[in-house]
Amino acid sequence: MNTNELIPKAEDKIVCVKVGKIKRENLYEMTRKYWKVKLERASRATHVLAVVEGKVEAVYSPKQWFYTKDPKHAGRCEFVGELNLDNDYIGKSVTGLYGRSANPVKYINL
């Protein structure tokens, strides 16, 4: 097993989101909005992981999930949260968790 692979703690409820290869805006804004998720399920998350090129770049503690008010993204969800700077998940690989999935959202322990 790769020691740089993400091993989620059993108590952590995680939403991983692939935010793309190019940072178009700040990473928090790219991570927090316009996802096709089940609001009820995502709302139980204790962590949201921003994934860039298969690696966790940032970890956020979501405080609230809600449907976006942006009409261009109707039906999609976003969250507000706090950056978790000293989280052990930062820098870990999630490629083994995603496999060949094209879906940018991955739930762990949810």
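Me: Is K33 buried or exposed?
Reply: K33 counts as buried, because its relative accessibility is 16%. Buried means under 20% relative accessible area, exposed means over 50%, and partly exposed is in between (1.4 Å probe, protein chains only). This is a predicted model: local features need pLDDT of at least 70, side-chain atom pairs count only at pLDDT 80 or more, and totals for chains, interfaces and linings use all residues. Residues are numbered from 1 along each chain as its sequence is written, and side-chain values use heavy atoms, leaving out hydrogens and water.

Me: Which side chain does K33 meet in a salt bridge?
Reply: That of E29, at 3.1 Å, N to O. A salt bridge is a side-chain nitrogen of Lys or Arg within 4 Å of a carboxyl oxygen of Asp or Glu.

Me: What about R32 and E78, how far apart in the chain are they?
Reply: They are 46 residues apart. R32 is in helix α1 (residues 27–32) and E78 is in strand β4 (residues 77–83). Helices (H or I, at least four residues) and strands (E, at least two) are DSSP runs, numbered from the N terminus. The two side chains form a salt bridge at 3.0 Å, N to O. R32 is buried at 12%, and E78 is buried at 7%.

Me: New topic. Where do K63 and E82 lie?
Reply: K63 is in strand β3 (residues 55–67) and E82 is in strand β4, so their pair ties together parts 19 residues apart in sequence. Their salt bridge is 3.9 Å, N to O. K63 is exposed at 54%. E82 is partly exposed at 49%.

Me: Which residues join into one network?
Reply: E29, R32, K33 and E78, through salt bridges that share partners.

Me: How many salt bridges in the whole structure?
Reply: The search finds 5.
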